[in-house]
Structure formats: structure tokens, C-alpha cells
Amino acid sequence: MQLRRVLAAAVVGTTALATTITSADAALAARPPLTPTSFVAHLDLAAGQQPENLALLPGGAAAVTFAFSRQVAVIERTGTVRVLATLPAPPADARTPVLGSPFLGGIVQGPDHTLYFLYATGTADLTGVWRLRPGGSPERIAALPADALPNGLALDRSAGQLYAADSVLGRIWRIPATGGSPEVWATGAALAPAGFLGANGVKVHDGAVWVSNLDHGTLLRIPVGHDGTPGAVRTVATGLTGVDDFAFTGHGDQLLAALNAGSEVALVSGNGSRTVVLDHTDGLQNPTSIAVRSNEVYVADAAYVTQQDPNLLTTRLHCPDRGHPMSSPSQPTAAEDGTGVVTTAATVHNQRGELVLSGQHKYLLRR
């Protein structure tokens with residue numbers, strides 16, 4: 001399949017694929033601050049169920065886009081897959097930029113439960129932002145150029161604006177959530193591709209639009225001004241080979257990034273440092289997107305290159321900055337003068353194994 005060869009050559013790049021892929025349903029051993037993973041669903045590769053993006057719904061289900069089958073679906077907590085809509089196919093001779101086949105990208109849910117998602121076909125009549133209201137049919141609400149490849153999608157609920165990352169044209173589009181004409185909100189070398197795909201995942205967080213660039217392996221932050229205009233692009237993290245989508249954990253600027261190329265998930269701090277916390281031994285197969293709700297983490301795996309087991313898996317997040325005892329405190333001993341002073345000793349580490357507290361502590365007991 002030509003599409004698979006394109007993805008294998010460009011997404012994997014110089015990163016070697018693991019030769020053993022684990023797909024058992026037993027819990028697998030993640031690294032702190034994540035708990036062992038478990039599978040929500042193993043998806044049907046032959047039916048084109050390769051999730052490109054996901055949005056968590058009330059009740060614990062996940063809405064997903066299946067990249068090349070033109071389908072928007074819901075994966076229930078039980079693992080049941082329910083197709084909500086199939087988008088219209090372009091003419092047989094249409095070619096989506098870079099990928100060739102029609103491509104469904106990012107998906108988000110609005111406050112009224114409306115789903116918004118991106119569709120690219122290489123044709124002017126279908127490429128753009130689409131909307132699916134509960135119980136309705138999909139409709140395009142904003143047209144994007146035929147030579148665009150809209151990929152990641154984010155919703156700024158407070159401003160009623162959608163941000164779409166264009167992986168081929170190297171720009172961020174801004175579109176009213178009510179529909180209408182898109183505007184080029186940000187562009188530049190940091191967003192451009194370098195042989196395959198540039199700007200990829202996108203999120204709105206803490207007064208800024210955050211963007212990943214797959215080819216560059218970077219994570220970028222673009223401040224949003226009071227008038228809605230973009231500030232200067234700042235590179236937050238580098239060395240994220242094959243980075244796709246990402247999600248903030250709820251602890252400041254800390255986030256989890258899907259590294260498609262190596263079948264890994266990395267924990268990235270606000271200062272750009274990173275640690276791989278999930279890999280192929282945890283069931284990952286070319287992860288594309290991540291969603292976090294409270295301490296629940298969902299990872300969608302498309303198996304673009306492995307071609308083995310597209311899936312949705314879950315794990316739990318424990319804040320790495322919260323200490324927990326690694327050894328029990330010593331038994332209190334009373335002071336010799338009988339004043340009721342007791343001394344305890346404890347050593348406490350956080351989930352990364354870093355020393356948080358160590359030493360003796362004295363307390364006065366009152367009767």
C-alpha cells in the first residue's frame with residue numbers, strides 16, 4: 001500500500017521500530033508517574049479503524065476520527081465501536097496533499113456536545129472544518145484550501161474560536177466555532193514541514209496556543225494577545241522525534257506527548273525536559289493522540305507502520321511532584337527528660353524517585 005510506505009519512510013525516519021509488539025489484554029508496566037496500562041478496545045485494522053485523534057465525552061466514552069476510512073466514531077468504555085458518520089468521498093482521482101488518501105484529523109467537542117473535526121481531500125469542496133451536532137448529519141462550516149492538510153484541532157471555549165494546525169502549508173488557521181471564513185493566524189519556519197509534515201498537534205492552554213511539529217520534533221508556544229493576535233513563537237521542547245498530538249496533565253505546563261515514530265509517550269515538563277513513560281511494551285502502536293481527564297489518560301494508537309493492533313488504551317496519572325513514603329518512619333522515642341518530646345525520622349521521595357524530605361523531626365505531645 002503506497003500510503004503505508006509513505007508513512008513508514010517519513011514517520012519512522014531514523015527511529016527503529018521495536019521488533020516485539022505486546023498486545024495482550026493484561027495490565028502492562030508503565031513508568032511513573034503512570035500506572036500500568038489496560039486496553040479499552042482493540043480496533044479492526046481491516047475495516048480502517050485507525051484512530052488519528054480523540055476527544056473524551058461525558059460518561060467516559062471517546063469520540064475518534066478514523067484517519068483514512070472517513071469515519072467519525074465513538075468508542076464506549078466497554079470497547080464497543082459505534083460509527084456516528086461517514087464523510088463524503090472525493091472524486092476517485094483526487095489526491096490529498098502528501099498522504100494521497102482522504103484524511104480525517106483532529107476532533108474536539110463543544111459545550112453543547114457538538115463535535116468539530118478536520119477533513120482533507122485535496123479538493124476545494126470538501127477540505128475544511130466540519131461539524132456534527134447530536135443526532136444530526138455532518139456539515140462543513142468552514143472551507144480550507146485544497147492544498148492544505150488540516151491536522152490538529154483545538155477549541156478555545158472562552159473565545160469561541162477553533163485553531164487548526166496545517167501540516168503541509170505550515171500555518172495555524174483560526175476559525176469561528178459558529179463557522180465562517182478562516183484566517184491565517186500564525187505562520188513561519190517553526191511551523192513548516194521539513195520533508196513530510198510540519199505543524200501537527202495543537203492545544204489552547206494558559207493564554208497561548210501550543211503546537212507540535214512532527215518533522216522538527218519540537219513543541220512550540222504562541223501567546224495569544226489581548227486582541228487575539230499571536231505573539232512570538234517560542235520553542236519549549238526539542239528532540240521529540242515523530243511527535244504527533246499531546247495533552248496537558250493539569251499540573252502547570254506539564255504534558256504528555258505521543259511520539260508516533262518510536263511508539264512512545266513522553267512526559268514533558270514546562271522547562272522542556274522529557275522522560276519516556278510508555279512504549280511498545282505497554283501496548284503502544286504508533287500513538288497519534290492523547291486525552292487527559294482528571295487522572296485518567298487515554299492514548300489512541302493507529303498502527304500506521306506496525307500494521308498490527310490499532311487500539312485505545314488507558315492508564316492513570318499520579319502527580320510526579322507529590323511525595324509519597326518510600327520507607328516507613330522510625331518508631332517515636334520519648335525524650336529522656338520526660339517532657340513528652342518525641343523524635344521521628346523519615347525519608348520521602350516523589351514519583352520520579354527524587355528526594356523530597358529526609359531527616360529527624362521533633363514534636364511535643366500534650367496530654
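Valine 98 sits in the loop between strand S5 (81–86) and strand S6 (103–109); strands here are DSSP runs of E with at least two residues, and helices are runs of H or I with at least four, numbered from the N terminus. This is a predicted model, in which local features need pLDDT of at least 70, side-chain atom pairs count only at pLDDT 80 or more, and totals for chains, interfaces and linings use all residues. Residues are numbered from 1 along each chain as its sequence is written, and side-chain values use heavy atoms, with hydrogens and water left out.

Please look at the backbone of valine 98. Although not a glycine, valine 98 has a positive phi of about 65°. Most residues other than glycine have a negative phi. Valine 98 has a relative accessible area of 40%, and is therefore partly exposed (buried means under 20%, exposed over 50%, partly exposed in between, with a 1.4 Å probe and protein chains only).

I turn now to a second residue. Asparagine 286 is found in the loop between strand S21 (274–278) and strand S22 (287–293). Asparagine 286 is likewise not a glycine, and has a positive phi of about 55°. Is asparagine 286 buried or exposed? Asparagine 286 counts as buried, because its relative accessibility is 0%.

Finally, the chain as a whole. The chain contains one helix and 28 strands. Of its 367 residues, 52% count as buried. Among contacts (heavy atoms within 4.5 Å) with a separation of 6 or more, 46% join residues 24 or more positions apart.
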